[in-house]
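Open the model in your viewer and keep the sequence panel beside it. The stops below go from the contact between two chains to single residues.

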There are 2 protein chains.
Amino acid sequence: MKDNSDMPGHLARRFQQIAVAVFLAEVGEAGFDLTPVQYAALATIKANPGLDQVTLAGLIAYDRTTITGVIDRLVQKGLAERRASSRDRRARELEITDEGRRTLRKITPAVESAQRIMLQGLSTGEGDELMRLLRKAIAAGNELSRAPLREA
Amino acid sequence: MKDNSDMPGHLARRFQQIAVAVFLAEVGEAGFDLTPVQYAALATIKANPGLDQVTLAGLIAYDRTTITGVIDRLVQKGLAERRASSRDRRARELEITDEGRRTLRKITPAVESAQRIMLQGLSTGEGDELMRLLRKAIAAGNELSRAPLREA
DNA sequence: CGATATTGCTCAGTATGCTGACTATCAGTA
DNA sequence: TACTGATAGTCAGCATACTGAGCAATATCG
């Protein structure tokens with residue numbers, strides 16, 4: 001039988017597990033309580049003010065049923081707002097709050113530090129190559145998950 | 001601001017997301033209802049008969065609080081058995097059942113096919129290199145998650 | 001215009017994963 | 001042997017992720 005470490009699926013799970021742990025550790029040490037998922041959502045809301053939930057989900061490849069709870073928590077923490085859209089009464093327009101902006105700004109060094117730590121065992125060239133290969137594999141498999149990436 | 005695709009953490013999450021979807025699709029098409037986590041646990045029980053839950057968790061880098069539920073479901077499906085250990089009354093000895101063995105045997109082609117599909121966008125050499133880099137990054141970060149890999 | 005299809009969002013249910021706490025048991029030592 | 005610490009397992013609680021269903025609103029087409 002194959003060893004676990006010969007299975008890309010197992011390696012994917014393990015790398016993601018470490019990535020989340022490192023993110024939470026760095027961000028927590030900086031005094032913030034934000035998950036990787038919440039961070040990505042908040043940063044994307046800031047970069048695309050007024051976007052709706054489906055568009056947000058597409059931009060970061062989340063399932064639309066997952067995003068509901070994520071935004072609930074961002075709103076509950078006072079970092080984002082959810083408003084009814086005037087153009088489409090089904091949709092919700094998302095905005096970042098001033099506190100959300102402040103949090104993003106202050107949290108950035110910890111987030112960047114976390115990205116470095118995840119790759120700490122690799123040289124710079126190896127880290128770049130890993131990201132390139134991941135991007136390529138992800139692009140080829142984009143449509144295979146229920147939550148594919150969608151351009152704006 | 002950095003793009004998502006420059007963040008190893010985001011790429012990790014996305015690759016894992018696709019890997020799970022591909023696994024479930026291939027295994028489901030073969031007529032089985034087994035998650036990647038359940039598969040890894042079952043295969044490891046088969047390879048290490050009578051091992052306890054903490055050892056199993058270490059071998060596949062699961063949290064010990066997660067493994068309880070995973071084994072519950074394997075037992076519930078009739079694929080594994082959980083027995084009290086005679087040497088240590090705190091511990092549970094895990095065994096695969098005949099049906100578990102049958103399931104593993106029949107599911108293997110689907111699992112291997114899933115591993116290939118995850119890397120379908122890469123050449124053979126690139127796939128090998130991706131796995132090498134993931135293994136290296138994971139080895140360096142092994143102790144950073146609550147559920148590090150532990151040798152037998 | 002009206003029937004139909006599609007879309008945006010939510011919800012119930014299930015399965016990882018984690019934190020932190022707790023019980024029962026075991027191991028080492030004074 | 002009694003005390004102390006460590007270990008195996010479970011549990012409650014929270015946060016992703018997914019499936020599948022449903023509701024309300026919009027878009028499309030005959």
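Contact here means heavy atoms within 4.5 Å. This is a predicted model, in which local features need pLDDT of at least 70 and side-chain atom pairs count only at pLDDT 80 or more, while totals for chains, interfaces and linings use all residues. Residues are numbered from 1 along each chain as its sequence is written, chains are lettered from A and ligands numbered from 1 in the order in which they are written, and side-chain values use heavy atoms, with hydrogens and water left out.

**Stop 1: the interface**

Select the residues where chain A and chain B meet: 54 residues from chain A and 54 residues from chain B. The buried area (accessible area, 1.4 Å probe, that two parts lose on being put together, summed over both) is about 4,900 Å², and carbon and sulfur atoms give 69% of that.

Between the two chains there are 6 salt bridges, a salt bridge being a side-chain nitrogen of Lys or Arg within 4 Å of a carboxyl oxygen of Asp or Glu. For one of them, show the side chains of A:Arg135 and B:Asp6, with 3.9 Å from N to O.

On the side that touches chain B, two or more residues each come from α1 (8-29), α2 (36-47), α3 (53-60), α5 (98-118) and α6 (124-141) of chain A. The largest share, 14 residues, belongs to α1(A).

**Stop 2: A:Arg14**

Stay on helix α1 of chain A and select A:Arg14. Which residues of chain B does A:Arg14 touch? Not counting residues up to four places away in sequence, they are B:Ala61, B:Ile138, B:Asn142, B:Ser145, B:Ala147, B:Pro148 and B:Leu149.

A polar contact is a pair of N or O atoms within 3.5 Å; within protein, one must be able to donate a hydrogen and the other to accept it, and residues adjacent in sequence count only if both atoms are side-chain atoms. The side chain of A:Arg14 makes such a contact with that of B:Asn142 at 2.5 Å, and another with that of A:Gln17 at 2.4 Å.

**Stop 3: A:Gly50**

Move to the loop between α2 and α3 of chain A and pick A:Gly50. Apart from neighbours within four places in sequence, A:Gly50 is in contact with A:Glu93, A:Leu94 and A:Glu95. Finally, draw a C-alpha to C-alpha distance from A:Gly50 to A:Ser85: the two are 35 residues apart in sequence and 8.7 Å apart in space.

Note on methods. Helices (H or I, at least four residues) and strands (E, at least two) are DSSP runs, numbered from the N terminus.
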